[in-house]
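Here is a short report on salt bridges, a sheet and a surface patch.

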Amino acid sequence: MSQPEYTTAQATALTNHDRKPIHIPGSIQPHGILLALSTQLEILQVSNNTQVYLYKAPEDLLGKPLSYLLEPQPVEIVKQCLVKKVGSANVFKVSINTLYGEIYFDAIAHRTEEAVILELEPTDSEFEMSFLNFHSFASEAIAKMQRTSNLGEFLHLVAQEVQKIIGFDRVMVYQFDESEAGSVVAEVKREDLSPYLGLHYPATDIPAQARELYTRCFLRFLPDLTAEPVKLVPTENPTTHQHLDLSYCLLRSFDWCCTEYHQNMGVKALLVISIIQEQKLWGLISCHHQTPKYISYEVRKMCEFLGQIASSELAHKISNSEWDYKVKLKSLQSEFLESISQADNFIDALIKPEIRLLDLVSASGAAVCLDNEITLVGTTPNIDEVRALIEWANTQVSDNLFATDSLPKLYQEALVFKDTASGLLLLRISKIRRYYILWFRPEVLQTVHWAGNPQESMQAQADGSYTLSPRKSFEQWQETVRLTSLPWKPCELDSAIALNNAIVGIVLSKADELAKINLELERSNQELASFAYAASHDLKEPLRGIYNFSTVLLEDYAQVLDDDGIECLQTVVSLSVRMETLINALLRLSQLGQAQLRLQATDLNELLNQVIDIFRASRQDSGLVDIRIPRPLPTVLCDRVLVNEVFSNLLGNAFKYNDKTEQWVEIGYFSQEETKEQGKKQESREQGAREESFPLCPPPHPAPLPLSHAPCPIFYIRDNGIGIPQHHLETIFRLFKRLHSQQKYGGGAGAGLAIVKKIVELHNGHIWVESTVGVGSIFYFTLE
């Protein structure tokens, strides 16, 4: 049978086995008797061995009140079960008069949903063990457990103390793992027996329904696995017409599978005590004896008490063994989160120094994914493999935290990089954005020692199906486990969750701070714009006076001034004209800051024709102006007046900064479809050398606006002018920024491009430039 076929068959057989109703076997073990009572304490069912212990046939008891069998005081104790929760037991001693005299029993009464169950086990004494006797019997063992800090030593001591009390041939502590398989972690045994310490057992050895019963009933005792079970009479409860639920019954008979399994191990008597951690079954204290062996109810209760003490102490021992590691993680966490909260660059804070991100969960590698940007740290798969892994996780993982120590078994493509990432811990930081942190652990080859071949439990039937059967061999059997890493510990998962919570908190805090800063900046900008407007407006009057009086002096008093004086006055006139130009530019910019857009559908062809007509009229050499428009421009929603100013400024600059004999300007646009198509080719184009002819092609956006986010056309104005040096491409949009002296290229205030940028941004657009010195420039802008 191939591995996939075996896995499917195993799953089917295990599922069918787990459905077996072992809590309603319809029978009990023969070392006691059972009575099922109605809420009026009428005997509805009895075990078919009452003749042995009470010298009364089942038929003599059925339909009788419990008072027929017991004295009023014990009847009252049983009656108290009616007001208790299901499973809660009343334990007492009782004597029953029979034809052959008085017989003493340990009585255990509890309520189910349908009935009250009374179990009676014969005992030699009518007296209960006193608290002092019980204390002296158990206190020394408890004291030893509490003094032991090492987890391994503690578990060995638990086995040792239980073995001392019950005298069984073998006592083991058995621990479950995440897959419900288990291993023997402590053992005390007879010298001539083969050791089971360190051996592993598959989950099928203790099926799910058996584990579930161990979480409800903390002790299970089978004194003779060869004994025949005793049927209940009648088989079904006459009130409910269902089999009686014996989940909490100490006398509940055992499943044939359990019997055969333990007999294959040479076991005739069995005592099992549950170890519970955080309301889950952590493990079992499993006690084997080679011959039938009965233990009194009181001794069993003492073992159960020791099991509860062991469960309680185990939490402390586990805490002590993990404490140092948890403290280390907490300290690292605290330091890490503090540095993140203070950092300006989020990724740098995560990965520098990189070891901190790895130590946070003891990983060998990590990947930080913020949308399409992936940063690798340590030993990891390559970028493409990580990207594909994230795509898989995006569709297969719904939780914010996902961990596996065998990724290749879930994601077949991971076989390629199993050496670096057989273990994966994935943290989804945001459900809206693709923000992930992935940690990796390499494959660790492990040799697992099984108690016999676990696949022997799968038995093929004649019809081709498979059933779960008890294994016959428990000799050591080795298996090499591949494609797995070291498992992720709960405290490491907690560390990842804490990181996620802290990042969310920091982001919210930063957002709040940013909102406050933006509000303050908005207020400051409004005040600054008002000040600029007032200042520039008020400065114009005295400036006009300076200009006028200087002109009067030149015209009316030139004869009384020498050449130097005239030159000084001419300079004052020139500077005042220059000053007025600057003030007008500042005033225009401040007006734009306070302007309200008057948006309307605008035919840019009509608008551009007006701009060109005015431009040609203002130039005497208009006949030589070559303005090219390859195709009609679209109609857009914009402020007509302001966009007119954008085209006027850009068109004027294109001809102004041009020293060619044949000057030309081209005005056009790219549609959304052309922009997206070009975006696919962008990377290869950037890698190629720029052609000397400065080819026209849909441009890449600057960082603030990725191509995939461009919802509107991109307009361009292209010229064959002098070009702009590369290091000036960002500065040319600053106010009063000129790249040449006032005497070259017709002067100017250096405010035109700043005004254009402001208008474009008022339309929620962007403007940028590409240029080659001596070849020409292309100005791009959007109007969103």
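## Salt bridges

Lys93, Asp106 and Glu298 are linked in a network of salt bridges. A salt bridge here is a side-chain nitrogen of Lys or Arg within 4 Å of a carboxyl oxygen of Asp or Glu. By this rule the count comes to 19. The model is predicted: local features need pLDDT of at least 70, side-chain atom pairs need 80 or more, and totals for chains, interfaces and linings use all residues. Numbering runs from 1 along each chain as its sequence is written, and side-chain values use heavy atoms, without hydrogens or water.

Glu161 bridges to Lys164, with the closest N and O atoms 3.5 Å apart. Both residues lie in helix H6 (residues 151-166), three residues apart, about one turn of the helix. Helices (H or I, at least four residues) and strands (E, at least two) are DSSP runs, numbered from the N terminus. Glu161 is buried at 5% relative accessible area, whereas Lys164 is exposed at 52%. Buried means under 20%, exposed over 50%, and partly exposed in between (1.4 Å probe, protein chains only).

## Links between distant parts

Glu180 and Arg211 meet in a salt bridge at 3.4 Å, N to O. This pair links distant parts of the chain, 31 residues apart: Glu180 sits in the loop between strand E7 (170-176) and strand E8 (182-189), Arg211 in helix H7 (residues 208-216). Glu180 is partly exposed at 33%; Arg211 is buried at 13%.

Glu391 and Arg434 form another salt bridge, at 2.6 Å from N to O. They are 43 residues apart, with Glu391 in helix H12 (residues 383-396) and Arg434 in the loop between E17 and strand E18 (435-441). Glu391 is partly exposed at 40%, and so is Arg434 at 25%.

## The open sheet

Five strands form an open sheet in the order E15-E14-E18-E17-E16, with antiparallel pairing. Two strands pair if DSSP finds at least two bridges between them. E16 and strand E17 (residues 423-430) share four bridges. Ala403 stands opposite Leu425 in E17.

## Surface patch

Val552, Leu553, Tyr557, Val560 and Leu561 make a nonpolar surface patch of about 420 Å². Patch residues have over 30% relative accessible area and no salt bridge; like charges are joined within 9 Å, nonpolar side chains (Val, Leu, Ile, Met, Phe, Trp, Tyr) within 5 Å. Areas come from the Shrake-Rupley method with a 1.4 Å probe; for residues, only the protein chains shown count as cover. Val560 is found in the loop between helix H15 (490-556) and helix H16 (563-594). Val560 is exposed at 60%.
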